[in-house]
Amino acid sequence: IGESAITEEQYQLKTITPMFMHGWQKPTKVRNKAGKLVTRNNPISAEAREASFKGVLRYWWRAFQNPSMKIEDLFQKEINLFGGSGSKKESLQSRIRLTFEEMVYSEHKEEMFPHNPRHKVYAIPKGKVINLRLSVLKKDRDLFEYYKDLLDLMFHISGFGQRGRRGFGSLEVKHLSWNDMQEFLESVKTLLEKITDYQEIKVVQ
């Protein structure tokens with residue numbers, strides 16, 4: 001594919017709290033509290049994964065859809081925008097690609113639970129710079145601004161990885177800044193309005 005066939009945007013991210021995200025996990029035999037031998041998957045390092053970022057993006061996309069939409073229509077719309085498998089007729093590759101400039105991993109450990117400081121877990125440490133690229137093919141350029149707005153909204157309100165709702169996995173985005181809480185809220189409101197305007201966007205098969 002030639003360069004002209006792709007539309008892309010670069011995002012420079014920086015972790016402002018540790019991010020507990022992992023890739024492959026090693027199956028390990030351990031005994032549970034009852035003394036029974038069980039298999040648990042233990043991470044061997046922290047790893048930021050493009051698929052996880054895309055999963056978070058899909059989660060927030062679903063959260064902002066019209067609650068009165070039929071589940072079948074919601075399912076089809078999601079497949080059209082993000083790819084997926086339903087029936088053979090519905091299966092589509094993703095129109096959006098999220099890729100890191102380089103592999104993001106760490107063997108550093110951080111405390112995950114304040115009440116249990118001895119329990120440390122592999123984490124991407126605070127201050128780690130992550131370069132993310134958003135890209136779409138030429139045929140999907142009409143959706144490019146939509147995806148950009150979704151990403152910006154996600155970066156406003158979401159954490160990433162385990163305990164992302166407790167403040168971990170928070171990211172600073174180079175092109176997003178606010179002077180106070182009011183500016184932040186106005187920015188979120190503007191993006192929500194833009195996302196709403198896109199609700200009727202036509203997705204071409």
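Met-112 has a relative accessibility of 5% and therefore counts as buried, a term used here for residues under 20% relative accessible area, with exposed meaning over 50% and partly exposed in between (1.4 Å probe, protein chains only). The model is a predicted one, in which local features need pLDDT of at least 70, side-chain atom pairs count only at pLDDT 80 or more, and totals for chains, interfaces and linings use all residues. Residues are numbered from 1 along each chain as its sequence is written, and side-chain values use heavy atoms, with hydrogens and water left out.

Met-112 sits in the loop that runs between strand S7 (109-111) and strand S8 (120-122); helices (H or I, at least four residues) and strands (E, at least two) are DSSP runs numbered from the N terminus. Leaving aside residues up to four places away in sequence, the contacts of Met-112 are Phe-20, His-119, Val-121, Gln-162, Arg-163 and Phe-168, where contact means heavy atoms within 4.5 Å. Ala-123 lies 11 residues from Met-112 along the chain, and their C-alpha atoms are 9.0 Å apart.

Turning to the protein overall, its secondary structure consists of 4 helices and 10 strands, arranged along the sequence as β-β-β-β-α-α-β-β-β-β-β-α-β-α. Of its 205 residues, 37% are buried. Among contacts between residues at least 6 apart in sequence, 69% link residues at least 24 apart.

Buried in H1 are Phe-53, Lys-54, Val-56, Leu-57, Arg-58 and Trp-61. The buried residues of H1 pack against strand S1 (6-15), helix H2 (71-82), strand S5 (97-100), helix H3 (144-157) and strand S10 (171-173).

The axes of H1 and H3 come within 10 Å and cross at roughly 95°; these axes are lines fitted to C-alpha atoms over the stretch in contact, with angles running from 0 to 180 degrees between N-to-C directions. The two helices, H1 and H3, are therefore roughly perpendicular, the class for 65 to 115 degrees, whereas under 35 is roughly parallel, over 145 roughly antiparallel and the rest oblique. H1 contributes Phe-53, Val-56, Leu-57, Trp-60 and Trp-61 to the contact, and H3 contributes Tyr-146, Leu-150, Leu-151, Met-154, Phe-155 and Ile-157.
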